[in-house]
Amino acid sequence: TAAGHMQEFACFTDFDKELVCHWKVPAQTDCSKEFLLYYRVEPYSEENSVCAPENGKDSLCTCTMRRAYFVSGLTYILALQFNGTDMWNYTVAPALVVKPKAPQNLTIEKIENGNFNLSWKESRSPSPVLSGVSVIYEVKYWRKHHPTEVSVRAINYQAKSFEIVASSLKRGYDYIASVRCNYTSYPAYWSEWSEEVEFHYGKYYYQVTAEDILRMAVPVSCILIMAVSVICYFCFTKCVSYVH
């Protein structure tokens, strides 16, 4: 049955040169031998083209359909075959399944206040449809070898940098950061996460704060008070002994 051989069918496009459709299949499935995806583009074509899917990661069959450019109003009429038998039809409008390209050139540097400035470049599709569309970002960073401790920060304004506050980090550890983006007017998909950048938060980057001074001052003061008390006690007992 269709449900037994494929699940989670979805399509997305970078609105540049390709539309990608994928679906989940059982392990050991040979996508190119068992499936064919027929498609036509309305209103520009009345004849079907065919895409032979490839095996992708996570047990996915993936079909990539390329064209010279994308514009608003395009509709793809899809028909999926399994072992020569029509399984089902599907219609997708590329403008409704835009997936941005991941940000590029991610860099990070320490700044004067002791924090870290993460910056990147937008990788926008050249399509005029997306020209001027606002982009939002998500930043994530985590301690290396501890990915479950990930911190995610949303940037809901036009920006191409983010300041990672040193107080959110643990000294003496390596950290990894990455960024992804989404179009506010085409929010169907977030981009993939960008390439990662690594940085180190150690003593060299540490800046003493008032909170640190207070945290150190309390135990030191207690120790000094105890030391003075002990010295006074011994001095007092010695003086008493001398008088007697």
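A disulfide is taken here as a pair of cysteine sulfur atoms within 2.5 Å. The structure described below is a predicted model, in which local features need pLDDT of at least 70 and side-chain atom pairs count only at pLDDT 80 or more, while totals for chains, interfaces and linings use all residues. Residues are numbered from 1 along each chain as its sequence is written, and side-chain values use heavy atoms, with hydrogens and water left out.

## Disulfides

The model holds 3 disulfides. With bonded cysteines counted along the protein chain, their pattern is 1-2, 3-5, 4-6. The table lists each pair with its sulfur-to-sulfur distance and the angle about the S-S bond.

| Pair | S to S distance | Angle about S-S | Handedness |
|---|---|---|---|
| Cys-11 and Cys-21 | 2.0 Å | 105° | right-handed |
| Cys-31 and Cys-61 | 2.0 Å | -85° | left-handed |
| Cys-51 and Cys-63 | 2.3 Å | -120° | left-handed |

Solvent exposure is classed by relative accessible area, computed with a 1.4 Å probe on protein chains only: buried means under 20%, exposed over 50%, and partly exposed in between.

A disulfide joins Cys-11 to Cys-21. This pair links distant parts of the chain, with Cys-11 in strand S1 (residues 7–13) and Cys-21 in strand S2, 10 residues apart. Cys-11 and Cys-21 are both buried.

Cys-31 and Cys-61 form another disulfide. Because Cys-31 belongs to helix H2 and Cys-61 to strand S6 (residues 60–66), the pair ties together parts that are 30 residues apart in sequence. Cys-31 is buried, as is Cys-61.

Cys-51 is joined to Cys-63. Cys-51 lies in strand S4 and Cys-63 in strand S6, so this link ties together parts that are 12 residues apart in sequence. Both of these cysteines, Cys-51 and Cys-63, are buried.

A further cysteine, Cys-181, is buried as well, with a relative accessible area of 5%.

Arg-40 stands opposite Ile-77 in S7.

## Backbone features in loops

The peptide bond from Glu-42 to Pro-43 is cis, and its omega is near 10°. Pro-43 sits in the loop between strand S3 (35–42) and strand S4 (49–51).

Two residues are noted for a positive phi. Gln-28, although not a glycine, has a positive phi of about 75°. Gln-28 is located in the loop between strand S2 (18–24) and helix H2 (31–34), and is exposed, with a relative accessible area of 78%. Asn-83, likewise a residue other than glycine, has a positive phi near 50°. Its place is the loop between strand S7 (75–82) and strand S8 (85–92), and Asn-83 is partly exposed at a relative accessible area of 48%.

Contact is defined by heavy atoms within 4.5 Å; the lists below do not count residues up to four places away in sequence.

Phe-199 lies in strand S15 (residues 197–201) and counts as buried at 6% relative accessibility. Phe-199 and Ile-176 are 23 residues apart in sequence, and their C-alpha atoms are 6.4 Å apart in space.

Ser-151 belongs to strand S12 (residues 151–155). Ser-151 is buried, with a relative accessible area of 19%, and touches Val-139, Lys-140 and Tyr-141.

Definitions and conventions:
Helices (H or I, at least four residues) and strands (E, at least two) are DSSP runs, numbered from the N terminus. Two strands pair if DSSP finds at least two bridges between them.
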